[in-house]
Amino acid sequence: MIDSARLESIVSEAGRIAHSLWPGAGNSLRSWEKSPNNPVSEADIAVDTFLKRELGALLPAAGWLSEETADDPARLGRDLIWLVDPVDGTRDFIRGRSGWAVSVALISAGRPLIGILSAPARGETWQAVAGQGAWRNGQRLVASTRTAFSGSRVPAVSLPKTDSDLVTVDQPNSIALRIAMVAADEADLVATLRWGFEWDIAAAGMIAREAGAAVTDAYGNKLDYNKRDPRAFGVLACAPLIHDAAVARLAPRAAELGA
């Protein structure tokens, strides 16, 4: 069995390291673009390095897949892997906004076993263990139970006219935190219609699912992890009773955009 207290301590320390570099706390920060419109900062690298060392020591049998580490195909032969985004929501992080989190998931046979988000700028720690529910700061989470698709709360700055029947709520830059909002019944629906990476969604998707939400890709299919190509087209997290309506609205757009 994994030492859960040690794991929680490691992720908490990763959050502290990130926060110690966060401009929102008055710190100077070096940042650059890995590619056009793809920012990274020294915090991403520092947290990635720390987590790779400490999680590797905690569970040496596990492989590793992270946004900031070159992919090692050896992970495909491992039953267990750590799936990490050292700073999810880098744009908010660099701008000194609080909408970012450290995201850590432990995957076994393509399914999440443990998911943790550390969001120290918001004073939040989110956790879930397979079959044991989801928690934020020690409080058990119950996901949105909305039954009507129209009027659903969506974390977004604005929505297209075709979705004018939906309602916007505050949008952190971190997709993980947006998904977690569904787990906390602070949003009813989160969806993306683009190619995204497993490390963006594994921990938060598990937290939402353990809280009772439906979590799939944009077509309504289950999400698999530790794939050779660690991407999925779109993610959908929502109240279970609006999932079919959400897929009906989103799948045609996904088919067009993902072709």
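Buried means under 20% relative accessible area, exposed means over 50%, and partly exposed is in between, using a 1.4 Å probe and protein chains only. Keep those cut-offs at hand for every stop.

This is a predicted model, in which local features need pLDDT of at least 70, side-chain atom pairs count only at pLDDT 80 or more, and totals for chains, interfaces and linings use all residues. Residues are numbered from 1 along each chain as its sequence is written, and side-chain values use heavy atoms, with hydrogens and water left out.

**Stop 1: D165 and R249**

Select D165. It is partly exposed, with a relative accessible area of 24%. D165 lies in the loop between β10 and β11 (167-169) and R249 in helix α6 (residues 243-257), so the pair ties together parts that are 84 residues apart in sequence. A salt bridge here is a side-chain nitrogen of Lys or Arg within 4 Å of a carboxyl oxygen of Asp or Glu. The labels for helices (H or I, at least four residues) and strands (E, at least two) are DSSP runs, numbered from the N terminus.

**Stop 2: R153 and D188**

Select R153 and D188 together. Their closest N and O atoms are 2.8 Å apart, in a salt bridge. R153 sits in strand β10 (residues 153-155) and D188 in the loop between α4 and β12, so this pair ties together parts 35 residues apart in sequence. Are both ends open to solvent, or is one buried or partly exposed? R153 is partly exposed, at 25% relative accessibility. D188 is buried, with a relative accessible area of 2%.

**Stop 3**

Select E67 and K34. They form a salt bridge, with the closest N and O atoms 3.5 Å apart. The pair links distant parts of the chain: E67 is in the loop between β3 (63-66) and β4, and K34 is in strand β1 (residues 31-35), 33 residues away. E67 is partly exposed at 24%, and K34 is partly exposed at 36%.

D85 is buried yet has no salt bridge. Which side chain of opposite charge is nearest to D85? It is K34, 7.5 Å away. For charge, Lys and Arg count as positive and Asp and Glu as negative, while His and the chain ends are not counted. Now show what surrounds D85. Leaving aside neighbours within four places in sequence, D85 is in contact (heavy atoms within 4.5 Å) with E67, A101, V102, S103, W199 and D200.

**Stop 4: a network**

Select R122, E124, R136 and E186. These residues are linked in a network of salt bridges. The count for the model comes to 18 salt bridges.

**Stop 5: two positive phi angles**

Select A109, in the loop between β5 (101-108) and β6 (111-119). A109 is not a glycine, yet its phi is positive, about 50°. A109 counts as exposed, at 59% relative accessibility.

Move to D185, in the loop between α4 (175-183) and β12. Its phi is also positive, near 60°, in a residue other than glycine. D185 is partly exposed, at 34%.

**Stop 6: the cavity**

How many cavities of 30 Å³ or more does a search of the whole structure find? It finds one. The largest cavity has a volume of about 80 Å³. On a 1 Å grid over the protein atoms alone, a cavity is a set of points where a 1.4 Å probe fits but cannot get out, and lining residues have an atom within 4 Å of a point. Points are joined across faces, edges and corners, and the volume is the space filled by probe spheres set on them.

Select the lining: I175, T192, R194, G196, F197, D200, I201, A232, G234 and V235. Colour by element next. β12 (189-197), α5 (198-210) and β14 (231-238) each supply at least two lining residues. The largest share, four residues, comes from β12.

**Stop 7: G234**

End on G234, one of the lining residues, in strand β14. G234 is buried, with a relative accessible area of 4%. Leaving aside neighbours within four places in sequence, G234 is in contact with T192, R194, D217 and A218.

Note on methods: 1 Å grid on protein atoms, 1.4 Å probe; cavity = no way out; pocket = protein on both sides within 12 Å on 5 of 7 lines; lining within 4 Å.
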